[in-house]
Amino acid sequence: MSEVETLTGDELASKLKNNVVFNRRLGVKGDGLRLTPEEMAWWQDAKFGMFIHWGLYAIPADGEWYMHFSKMPAEQYAKYADEFKPSRFDARAWVRTAQSAGMKYMVLTARHHDGYALWDSPASYGNYCSTKTAAKRDFVAEYTQACHEAGMRAGLYYSPMDWRFPGYFKPDEFPENAQLMKKQCWGQIEELMRNYGQIDVLWYDGAWLAHKGTDADAAWLWEPVKLNAMARSHQPKVVISPRSGWEGDFGTDEGGHSAAGPIIDWPWEKCLNLNRPSWGFNHEQDLMTRDEVIVMLVNVVGRGGNVLLNVGPDREGEIPPAHVERLREVGAWMEQFGTSIYGTRAGPFQPAEKRYCSTKRGKSVFVHVLDGAAKLELPPLEPKVLACAALHGPALKHTQSETGLAIELPPGLDRSPLAVLELQLDRPA
Ligand code: GLC
């Protein structure tokens, strides 16, 4: 079953809202707020990151929307905070797992829609945070420190919306309560941006109100342009997601559906789950295969995007061993073929659905061949192809003319799950 078929109601609406319409930027504009292409370069070079959804919802183990769809009253749900004492939480182990997958940045849910903050948060409404409840630890501090030690780019996810506030669901009826929620958001963003050293990504999610409309529709409440100017005053180079209501530095495309269509010429990121049933830890397990992850990655990168692949650690703080193992398998492929991914830009060829896509860097072009054809027919290319070979494989016969570039792919070529070719050109493509 596809993800869209299993999701219902507000959760489905949330996913659909976050499927970017790539030919336009949603969100309100903010003069001079967007990072420059130079400032975005590290992020576009990085290509592959780890998303981590972790919080109280790991206890019921039914996804991060559990509080909402089970209709559990906030006071009852808050009792999970008395139980949340993750005995195996080890931020360094998370970072090592991300590194073993070849991931270059990480994004942790500092606070999801349920309102529980994973750090020492004086601005938290009702002291609903990990240092003031049973856990008695600042997980964001441990996580950011582990990232910094390892040279891993550190990102934080933050949900402006908080289901504990009646003003979220009925801002007209409870305007003061909605203002309290806004105050919490501004205070918490300031804490996260000020107290944990360098933060590389600020990944907002959920600024819409009452699960309706868009994030930008609620800009009257959050004032996202001012909010992000404040964030930037502490972290001038932080890369910001488009879901605060401000247009952001990149677009997101949420969910496990494949990337399709032409190259998108502004920064974007596909976020999806390694374990399909939900972002937060789920007792149901249905992992993507190694090959599915790799094919997803080349399809996204060949269209100019990044992949942020999510794991949901369990209530003890551990990423399930089967997930760690799957990521290690992906990492083994990245170690061999990552040169065709990292630091590249999409093109020069437009992707051909289920057949190939391409990336380029300097005088090299990499082609990811997705089908089993014996001959690859590519559109014409202006620079001259000096050499053509399978990456870590044999040289390949090619013919270049004004009408196109044809490459012969002999039987026995490594195609598990796809063939990676490298073309050497006489000048950059
Ligand atoms: C969604 C969901 C959510 C998840 C996320 C990731 O909109 O509300 O639970 O955190 O986006 O992209």
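**Briefing: a helix pair and the cysteines**

Helices α10 and α12 cross in a right-handed manner, a term used when the near helix is turned clockwise from the far one by less than a right angle. The model is predicted, so local features need pLDDT of at least 70 and side-chain atom pairs pLDDT 80 or more, while totals for chains, interfaces and linings use all residues. Residues are numbered from 1 along each chain as its sequence is written, and side-chain values use heavy atoms, without hydrogens and water.

**Packing of α10 and α12**

- Helix α10 covers residues 175–194 and helix α12 residues 224–234; they pack at an angle of about 20 degrees, with axes 8 Å apart.
- α10 is therefore roughly parallel to α12 (angles under 35 degrees).
- On the α10 side, Cys185, Trp186, Ile189, Glu190, Met193 and Arg194 are in contact (heavy atoms within 4.5 Å) with Lys226, Leu227, Met230, Ala231 and His234 of α12.
- The residues of this contact between α10 and α12 comprise seven nonpolar, one polar and three charged.

**Cysteines**

- There are zero disulfides, a disulfide being a pair of cysteine sulfur atoms within 2.5 Å.
- The sulfur of cysteine 129 lies 16 Å from the closest cysteine sulfur, in cysteine 185, which is too far for a bond.
- Cysteine 129 is buried, at a relative accessible area of 0%, where buried means under 20% (1.4 Å probe, protein chains only).
- Cysteine 271 is likewise in no disulfide, and the nearest cysteine sulfur, in cysteine 147, is 18 Å away.
- Cysteine 271 is buried too, with a relative accessible area of 1%.

Terms used. Axes fitted to C-alpha atoms, helices over the stretch in contact; angles between N-to-C directions. Helix = DSSP H or I, 4+ residues; strand = E, 2+ residues; numbered from the N terminus. Parallel < 35°, antiparallel > 145°, perpendicular 65-115°, else oblique. Nonpolar A, V, L, I, M, F, W, Y, C, P; charged D, E, K, R; others polar. Buried < 20%, exposed > 50% of the residue type's maximum accessible area, 1.4 Å probe, protein only.
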